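This briefing collects computed geometric features of the structure shown below, grouped by topic. Please read the entries alongside the coordinates.

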There are 2 protein chains.
Amino acid sequence: MVKDCSTDTVAQAVREYEGVTRKKMIGNMIRSLRIESPDVVASFGEDAAVIRHNAEDALLLAADGIWSRLMEADPFWAGYCAVLVNVHDIAAMGGRPVAMVDILSATDDRIRDEVTRGMVAASSQFGVPIVGGHLHPETPYSVVDVAILGTARMDQLIFSNTAEEGDRVIAAIDLDGRVHPSCCFNWDSVTMKSAEAVRAQIRVMEDLGREHLVTAGKDISNPGVIGTLGMLLEVSEKGAVIDLEAIPRPDLAAIDLPFEQWVRMYPGMGFILTAKEEHVEEVCRRFAAVGMAASAIGEVDGSRRLAVRYLDRETQVFDLDHNGIMRIFSEGETCR
Amino acid sequence: MVKDCSTDTVAQAVREYEGVTRKKMIGNMIRSLRIESPDVVASFGEDAAVIRHNAEDALLLAADGIWSRLMEADPFWAGYCAVLVNVHDIAAMGGRPVAMVDILSATDDRIRDEVTRGMVAASSQFGVPIVGGHLHPETPYSVVDVAILGTARMDQLIFSNTAEEGDRVIAAIDLDGRVHPSCCFNWDSVTMKSAEAVRAQIRVMEDLGREHLVTAGKDISNPGVIGTLGMLLEVSEKGAVIDLEAIPRPDLAAIDLPFEQWVRMYPGMGFILTAKEEHVEEVCRRFAAVGMAASAIGEVDGSRRLAVRYLDRETQVFDLDHNGIMRIFSEGETCR
């Protein structure tokens, strides 16, 4: 039983959440940036771009950043997250993160040092080296951006736009964490874990891709579990109905966290996936084996609408046909 | 004959040039960022990081950015340069540029659109697609950063730190250009050229690497031809004396450009290389074939000092043993 939960409040909270609304497409920009290239298998709209390399290899390239509010509130966590979101981007594609470059602007030495400390902490923990970078010194603002290179085999990639009607929707989240003290919309399940533990979680996605156990997937990012599913459905041109009660969650009452806040959080480790019915159990088992709660939360349909259901009541969150979320450029997380 | 040239004024102008002084190493930052990883063959200090992939392939990753002053003075050129400097970074290593991601912050729609137009122009011209990105919307500043992926074979790489005593120093620059109207320290030899012409220039470096015709190389970046040579010598732990008169240059009198400004300019297409005596002629021939002026300008020695010579007078520019340039993080160019 989800305390104080109504489908209307959840739908509205998700729909109006800044993490979601900021995903609006800058249509002209994308259209003008896109250049046809035979080796580019996927680009905007996926968590990482995919470039064919030789016959069977794929190179993955992504970039993500953190700015201002989080940088000033907690530069260590901002640096840590800059690495984390990039590692997620590669993992979400079924890839293996290989190396990163960072671009840093900092208003002062303290912020620069703390951001660096955060990046190094995450880089060491996840085993993904920072191999180069660029510094804008003495800027009147603080931003950290990271770009990441990953690799995969072409036949083990997991895309966002390949969900099919009848697939089950699976949410997988590491519930063993805490609301981050510097950011009420960040669920930190990572800083307190061993390198071995977080690397095993990341590797699950690689295994799922290689064994073709899922049909589509994304890392749960700023828009939270429902918003991220909305983006996956949007690029897949599908819809879904999900059961709010099925969404993995910690003991919310114990930590006094409203359900509509939980579903908007950026989890330290979380993925939204679609899979054939016959693979659901195995997929959930793989996540459980690395300490993540995973469960089937709904089913993909052809409606191009995402609705949430609770106690026989159903409310539409997104009409993806008419009002896309359009996360073509993603945003770094912030706390409001 | 170089008009109004003295070794002292040139040495001082180069030494005190912001493009050079901004290269000072942020030692702690580098030391703390560096994580040992067996597949990372090169990282900080090279134009691009090199990651071994499979047995014989190398993946190259670099990042570079442009900020504030140039963004506001000429956002189109800033966007164009953000791509150009990254393409140079891969070419300098003997690699082939494959794809880029951009991270953009813009104070207003006009800057955003113009930067994008500049990036697209360079991306199309050089044939290197932008495959993804990240947007920081509504920021109080304007910055564009680009990260680039390249590929090479392990045995065709050109490094910065491999110059050897007795090697000849070669400077290669496309002189067919103009001082960029928005930035007096940018020599634009690219925007007016065909895609075919600039791609052929970039490919020369790949050929030189594959055929092992050079011992070390860098693209001429913000610090200009002498400053960039200084950085190459620094990481190679060598020195050199160069002849100012041998540096390729346009008709400076005709365009009223002081020599000490010319040697500090960022050329649209320029490389500094070292090569064995027996390969100098062939290297210069390759550049000439694509419209670039190349000539031997000096010789590598073991002194760890870079000096300039003109009319029998010699002046030291850098004592690399005691005052390194330390371009560990590079800066985007600006105009002062």
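Leaving aside neighbours within four places in sequence, Ser105(B) is in contact (heavy atoms within 4.5 Å) with Met71(B), His136(B), Thr139(B), Tyr141(B), Ser142(B) and Val143(B). The model is a predicted one, in which local features need pLDDT of at least 70 and side-chain atom pairs count only at pLDDT 80 or more, while totals for chains, interfaces and linings use all residues. Residues are numbered from 1 along each chain as its sequence is written, chains are lettered from A and ligands numbered from 1 in the order in which they are written, and side-chain values use heavy atoms, with hydrogens and water left out.

- Ser105(B) belongs to strand β4 (residues 96-105) of chain B, where strands (E, at least two residues) and helices (H or I, at least four) are DSSP runs numbered from the N terminus.
- Ser105(B) counts as buried because its relative accessibility is 3%, the classes being buried under 20% relative accessible area, exposed over 50% and partly exposed in between (1.4 Å probe, protein chains only).
- Ser236(B), located in helix α8 (residues 224-236) of chain B, is likewise buried, with a relative accessible area of 5%.
- Not counting residues up to four places away in sequence, Ser236(B) touches Ser160(B), Asn161(B), Thr162(B) and Ala163(B), and the side chain of Ser236(B) reaches the backbone oxygen of Ser160(B) at 2.7 Å.

**Interface of chain A and chain B**

- The contact draws 58 residues from chain A and 58 residues from chain B.
- Between them the two chains bury about 4800 Å², 73% of it on carbon and sulfur atoms; buried area here is the accessible area (1.4 Å probe) that two parts lose on being put together, summed over both.
- Elements of chain A that each supply at least two residues of the side touching chain B include α3 (27-33), β2 (49-53), α6 (109-126) and β6 (143-153), and the largest share, nine residues, comes from β3(A).
- By class, that side of chain A has 34 nonpolar, 17 polar and seven charged residues, with Ala, Val, Leu, Ile, Met, Phe, Trp, Tyr, Cys and Pro counted as nonpolar, Asp, Glu, Lys and Arg as charged, and the others, Gly among them, as polar.

**A three-stranded sheet in chain B**

- Three strands form an open sheet of mixed pairing in the order β8-β9-β12 (chain B), where two strands pair if DSSP finds at least two bridges between them.
- The edge strands, each pairing on one side only, are β8 (178-180) and β12 (266-267) of chain B.
- β8(B) pairs with β9 (residues 183-188) of chain B in the antiparallel sense over three bridges, and His180(B) stands opposite Cys183(B) in β9(B).

**Positive phi in chain A**

- Most residues other than glycine have a negative phi.
- Asp256(A), although not a glycine, has a positive phi of about 55°; Asp256(A) sits in the loop between β11 (239-243) and α9 (259-262) of chain A and is exposed, with a relative accessible area of 65%.
- Arg304(A), also a residue other than glycine, has a positive phi near 60°; Arg304(A) lies in the loop between β14 (293-301) and β15 (305-310) of chain A and is partly exposed, at 24% relative accessible area.

Definitions and conventions
Polar contact = N/O pair within 3.5 Å; in protein donor to acceptor, adjacent residues only side chain to side chain.
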